[in-house]
Structures are given as C-alpha cells and as structure tokens.
Amino acid sequence: MPETPAPAPAPAHRLVPSPAGRTHLVEQGRGPLVLLVHGFPESWYCWRHQLPALAAAGYRAVAVDVRGYGRSSRPTAVDAYRMLDLVADNVAVVEALGEDSAVVVGHDWGATIAATSALTRPDVFRAVGLLSVPYSPPGGGRPSEVFARMGGDEEFYVSYFQRPGRAEAEIEPDVRGWLAGFYAALSADPKSAPGAPDPHFVGRGGTLRERFPAGPLPAWLDEGDLDFLAGEFERTGMTGALNRYRNMDRDWADLAGHEGAPIRQPSLFIGGALDASLAWLADAVEAYPRTLPGLLGSHILDGCGHFVQQERPEETNRILVDWLAALPD
C-alpha cells in the first residue's frame, strides 16, 4: 500500500527582521515558498483558509502582517508606508526565510503590493497572483487628483482616507462595529436595500459608516473571526493601515520610471463578479494581454464580492493550487 502523506505541520508564528523593524508572519507547510499579502482592513488572518490548503498541496505558505498591521512594526512617519518600502519588506521576508525566490499572492492592497513586488524585483518574485484588484501599470494622472474627480458632489472613500486623522475619528470609537459594516458593504451578502447610497462614497460632512448595510454579518465571517480582526485594530489603532492610502502620490512619483510597464512573470487573477473594483478597473482587465503577458488564468467568480478568498475559499484554493502546479520550475 502507498504510504499516507505526513500531515502538514501546524501554522507557526514568527517575527523576522525587515526594513520596518520586524514583520510578523504565519507559515505552514514545506516546499516552494508562496508569500501571501493581505489588504485593508485585514491581517494575515484573511489567508486562514489558504494556509492549510497550500501546505497540503506541497507548498510553504507564509502570510504576513503588512507593516502597520498586527504584530509587525508600525513606523510613525506617514511616508514610511510608501509602496517601495512594502516591497522591501517582502524581499526581507523571503531572505529571512532562507529562500532565493517566491511566488507572491496578494488581495486588495496586497494585490497592488504583490504586483509592484513582481514588477520591481523580478529577481525575487518568480510569479504573481492578484485577487480582487487588477494590475494597472504605473502612470496616468496624479492619484489624488483622479480620486477627487471620482466623487462628484460626494467624496470617494480613498480621498476620505487620505486626510490624516479623519477616518481614525470615525472608526476607532467602535472598531468592531465599523469593521462589521465595512466587510458587509463589500461582500456579496447581505444585500443593501434597493436604492441605498453607494458605500464607497461619503456625503459632504458625513461618514462612510452611515452607508453600511444594517443586519447580520456576511456568511463568510463569524463572530470569532470578527473578534480577532477587531482585536488587532483595537490594539494597534488604524493609522498604520490607513497610511497606505496617504502615500499614493508618493508611489506615483517613485514608480514613474516604470510607467506603462508590463509584468512578464507568470500571473493569475481572481475577482468577484459583484466587486465594484471590477467595474472601476474594467479597462485594466481588458488590457491584460499587454500588461500581463504571462497570464495563465483570469477567473471571475459569480455571486462573489470583494473578499474572494474568504467568501469562496474552496474555489479560490483550487484555482491557486492548479495555477501553482502549472508554474515552470
């Protein structure tokens, strides 16, 4: 009889040195390194369904807390959260784990961090997977001006987050309640009432929270999950996480030398059909033949919102494992 494969080791928490000071990570499994990068407002925990699945498939899965989150360092300077600093943190994690290269996979802001890591450090990141946010090459108009035009008579949420202290004043008095509403607003369920105002925009003098849907948590998020996520932000505050939005103009300048550049490594995209990001960035998806010439798969999950790997963990895991298996050695 064939031998039964040994079970993957349990997830292990580690702190490793990085340019920010330290990066907290959770790793599981042995094999080629797959680095998992979360978005806003999340943590390594958003990959809780992928860590065991990737480990069981023969990979060393590592989910980080991005600087400003969780147990990773939280520099005080706003400009310490520019994109190239986050790329440097990813490189430092790979080196600290004794590896020469990795596949990098990101969700939401993590997708942009992963894409920029692959673009600027192809010597380290041999393939890139993007969840929810499509790749758009650097360039175009100054981000703060582009987002200001998107709001019209209202204010786009990115612009709202860019002013230091304002979003913190909304969120921090009730982190748990705010997160519950935010997660629900960007998920496929619960549905907003017909005609409800768009939760991605803020009325003049208003807040984001007043546009979040009322009702139960989305099906993918239970009370224990919310307790963990809220506990992290109650301990750290929101500023480190929000500082990512406050560096978009700096990123635009820092990456000007890569304007229009494609990512040539093997790549993957997974999005939710009900995610507003796909509507805003439809042109980016259509441009993939030029911008992601190494694309091995683009998957749009019907009936899925923004949090694809948590809303559809089994489907996401299958797509990721199949893609990883198809990568060249």
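Reply: Contact means heavy atoms within 4.5 Å. Helices (H or I, at least four residues) and strands (E, at least two) are DSSP runs, numbered from the N terminus. This is a predicted model, where local features need pLDDT of at least 70, side-chain atom pairs count only at pLDDT 80 or more, and totals for chains, interfaces and linings use all residues. Residues are numbered from 1 along each chain as its sequence is written, and side-chain values use heavy atoms, with hydrogens and water left out.

Me: Which elements do the buried residues of α4 pack against?
Reply: Buried means under 20% relative accessible area, exposed over 50%, partly exposed in between (1.4 Å probe, protein chains only). In α4, residues 143-151, the buried ones are P143, F147 and G151. They cover an arc of only 75 degrees around the axis, so they sit on the same side of α4; the arc is that of the directions from the helix axis to the C-beta atoms. Their packing partners are β7 (155-156), α5 (157-162), β8 (201-202) and α10 (248-254).

Me: Which residue follows α4, and what is its phi?
Reply: Next comes G152, with a positive phi near 65 degrees.

Me: How many helices and strands does the chain have, and what is its radius of gyration?
Reply: The chain has 15 helices and 10 strands. For 329 residues the globule rule gives 20 Å, and the chain's value is close to that, so it is as compact as a globular protein of that length. The radius is taken over C-alpha atoms, and the rule is 2.2 Å times the number of residues to the power 0.38. The radius of gyration is 19 Å.

Me: What share of the contacts between residues at least 6 apart in sequence joins residues at least 24 apart?
Reply: Buried residues make up 56% of the 329 in the chain. Of the contacts in question, the share joining residues at least 24 apart is 77%.

Me: How far apart are the centres of the positive and negative side chains?
Reply: Lys and Arg count as positive and Asp and Glu as negative; His and the chain ends are not counted. Each charge is placed at NZ of Lys, CZ of Arg, CG of Asp or CD of Glu. There are 28 positive and 42 negative side chains. The two centres lie apart by 4 Å.

Me: Which peptide bond is cis, and what is its omega?
Reply: Most peptide bonds are trans. P41 lies in the loop between β3 (33-37) and α1 (50-56). A cis bond joins F40 and P41, with omega about -10 degrees.

Me: What is the phi of D108, and what is that of S132?
Reply: Most residues other than glycine have a negative phi. D108 sits in the loop between β5 (102-107) and α3 (109-120) and is buried at 10% relative accessibility. S132 lies in the loop between β6 (125-131) and α4 and is buried at 0%. Both values are positive: about 60 degrees for D108 and near 80 degrees for S132.

Me: Is H107 buried or exposed, and which residues does H107 touch?
Reply: H107 is in strand β5. At 0% relative accessibility, H107 counts as buried. Leaving out residues up to four places away in sequence, H107 touches V37, H38, G39, E42, W47, L131, S132, H306, F307, V308 and Q309.

Me: How far apart in space are S187 and L274?
Reply: S187 lies in the loop between α7 (175-186) and β8. At 10% relative accessibility, S187 is buried. Beyond four places in sequence, its contacts are P218, W220, G305, F307 and E311. S187 and L274 are 87 residues apart in sequence, yet their C-alpha separation is 8.0 Å.

Me: Which residues does L296 touch, beyond those up to four places away in sequence?
Reply: L296 is in strand β10, residues 295-301. At 49% relative accessibility, L296 counts as partly exposed. The residues touched are P266, S267, W323 and L327.
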